[in-house]
Amino acid sequence: MEKIICLFFIYAFLGWCTEVIYAGVNRGVFVNRGFLNGPICPIYGFGVLTVLICLLPLHENLLLLYVGSVVLTSLLELLSGFLMEKFFHQRWWDYSDEPFNIGGYICLKFSLLWGFACVLIVEVVHPLINQVLASVPDRLSLPFLLVFSSVFVIDNVVTVVTVAKLNQRLQQLDEVARALRRVSDAFGSVAADGSIALSDANEKLREDLRAKHEELIALIHMEQKRLLNAFPNIQSRKHREVMEEIKAHVRKKLEKKYVQYRSRRF
């Protein structure tokens, strides 16, 4: 059990590194590409452990190892995406634009890539990690695992609270947006009737709602900045319109940050 937990953290960390490098190449800036705050992506830890436990006996047959890896990692990604959307009411990644996708949760391109990555891990990376772990005394590894496990549990709790607050903010923003539309409609009808006093009152209310709207967007960006940066394709099942507005706001901020980075570099 000690070794399994240790391998989970190692591969979850390596997966996080892979995601950060991929995001850095594509977006030009550092992004903490993980659901959690810490430098780990649990889905990679669970994925590699599943492959090692189920397919390590097949390591001499590369074809079976590859096909099995594609199937297992695809099922895990599909299940993770589906459950996270049901639990948090958000879709964290979306492959809908990729050919041969299933519900946007998985797609053929990345499934094939996961297969190659797992073969590389089983044949090359895992033997090296096993050698390193074998040289670490139990009296040293156990305290570290206890600390890492405690931090991991705390990180999960903090992240769940953060996502719950995001849903709450989206609900508030959605309510303000609906109120703003109602006031705008009323303002148009009042203006058409020529009632100056009512028109001024509606304009004042509309300005107040706009200010509240901008305040909520800024608040969401401040509180959930890391998650929104990490998952630029995130979608909300309940508040699709306001989520798209927030994503546009985040993209604008990221583009500005990227331009500043490029100007300093060159």
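Reply: Setting aside neighbours within four places in sequence, Q90 is in contact with M84, E85, L166, N167, L170, I234, Q235, S236 and M243 (contact being heavy atoms within 4.5 Å). Q90 sits in strand β1, residues 90-91; strands here are DSSP runs of E with at least two residues, helices runs of H or I with at least four, and both are numbered from the N terminus. With a relative accessible area of 0%, Q90 is buried, where buried means under 20%, exposed over 50% and partly exposed in between, using a 1.4 Å probe and protein chains only.

Keep in mind that this is a predicted model: local features need pLDDT of at least 70, side-chain atom pairs count only at pLDDT 80 or more, and totals for chains, interfaces and linings use all residues. Residues are numbered from 1 along each chain as its sequence is written, and side-chain values use heavy atoms, with hydrogens and water left out.

Now the charges. E85, one of the contacts of Q90, forms a salt bridge with R91, with the closest N and O atoms 3.2 Å apart (the cut-off is a side-chain nitrogen of Lys or Arg within 4 Å of a carboxyl oxygen of Asp or Glu). R91 also pairs with D94, at 3.6 Å from N to O, which puts E85, R91 and D94 in one network of salt bridges. E85 is buried at 8%, and R91 and D94 are buried too, with R91 at 14%.

The whole structure has 3 salt bridges, and one of them joins K109 and E98 at 3.4 Å, N to O. K109 belongs to helix α4 and E98 to the loop between β1 and β2 (101-102), 11 residues apart. Both ends are partly exposed, K109 at 42% and E98 at 24%.

As for rings, there are 14 aromatic pairs, meaning Phe, Tyr or Trp (its six-membered ring) with centres within 6.5 Å; planes under 30 degrees apart are stacked, over 60 edge-to-face and the rest tilted. Y66 and F116 are 4.7 Å apart at their centres with planes at 45°, so they count as tilted. This pair spans 50 residues, from helix α3 (residues 62-88) to helix α4 (residues 108-134).
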